[in-house]
Each structure stands twice: as C-alpha cells, then as structure tokens.
Amino acid sequence: MKRNCFALLLLMIAALYVRQVEALEPATVTAAAPKALELAAIWSPHAANAMQSGGIGLMKIGESAVKILCLPLGAVQCTLGAPFGYFDNGVSNCIIGGYAPFQLVYQVILFPIRLISLGAVK
C-alpha cells in the first residue's frame, strides 16, 4: 500500500513539472538542418573521444569496486590459509583491499573530469 501511495505522489509531482509541448513547423526544421549537420560534423570527433575516455573511466571504477573484495579474501587467507602458506598472499590482498575504497572514490571524482576534458585524462 505504501508503494502505491509513493508512486501516486511521485506521479502527481511529475505532473506539476510537465510543460506544454509545442510542435515545430516543418519549415523551421528544414531551415535548421544544414546548421545542425555542420555542428554534428564539428563535434562528432570530440563526442567520440569523450565516450572513449568515459568508457575507460567506467572500467577503472569497476576495477576499483572489484578490488574491494580483496579485503575479506585477504582476511580469510591470513587466518585460515596461514597454515597452508597463504599468509603472504593474504597480507598483500588485505593491503590491496584496504586501498581500494580510496582508489574508488578517486576514480568516481575523476569521471566527470574525464568526460569534460574530452579524452585528455588517461
């Protein structure tokens, strides 16, 4: 019941912000098309670079998020795997997993900069 009330409230708030949409005349669209093609030709390489840089940023964010799982793995290796020779691996995994949240925050902060700088940040 609460979910339905929340959805109805959200729908009512969204209805307040909907503005009236007016159609464009075909002559206006036809007149603006050549300029739009010029702008698309100018900005398409920059958009491609921004998407490439953004994709690299998303991969680095995912990599940092997965590295967080090294902390519990390292704790298990340090405790239960110590008699079997996994203590050294466990310590290195604990260090990687302890550093990963800070690396994740850094990559998330750097992501918008990657998009804006159009591929300059690697």
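Biologist: Which backbone atom lies 3.3 Å from a polar atom of the side chain of S53?

Modeller: The backbone oxygen of R114 lies 3.3 Å from a polar atom of the S53 side chain. Do keep in mind that this is a predicted model, where local features need pLDDT of at least 70, side-chain atom pairs count only at pLDDT 80 or more, and totals for chains, interfaces and linings use all residues. Residues are numbered from 1 along each chain as its sequence is written, and side-chain values use heavy atoms, with hydrogens and water left out.

Biologist: Why is S53 called buried?

Modeller: Buried means under 20% relative accessible area (1.4 Å probe, protein chains only). S53 has 2%, so S53 is buried. Across the chain, 16% of the 122 residues count as buried.

Biologist: In which helix is S53 found?

Modeller: S53 sits in helix α2, residues 26-67. A helix here is a DSSP run of H or I with at least four residues, and helices are numbered from the N terminus. The chain has four helices and zero strands.

Biologist: What makes the chain more spread out than a compact globule?

Modeller: The globule rule is 2.2 Å times the number of residues to the power 0.38, and the radius of gyration is taken over C-alpha atoms. For 122 residues the rule gives 14 Å, and the chain has 25 Å, well over that, so the chain is more spread out than a compact globule. Along its principal axes, the C-alpha trace spans about 80 × 50 × 20 Å.

Note on methods: Helix = DSSP H or I, 4+ residues; strand = E, 2+ residues; numbered from the N terminus. Buried < 20%, exposed > 50% of the residue type's maximum accessible area, 1.4 Å probe, protein only. Polar contact = N/O pair within 3.5 Å; in protein donor to acceptor, adjacent residues only side chain to side chain.
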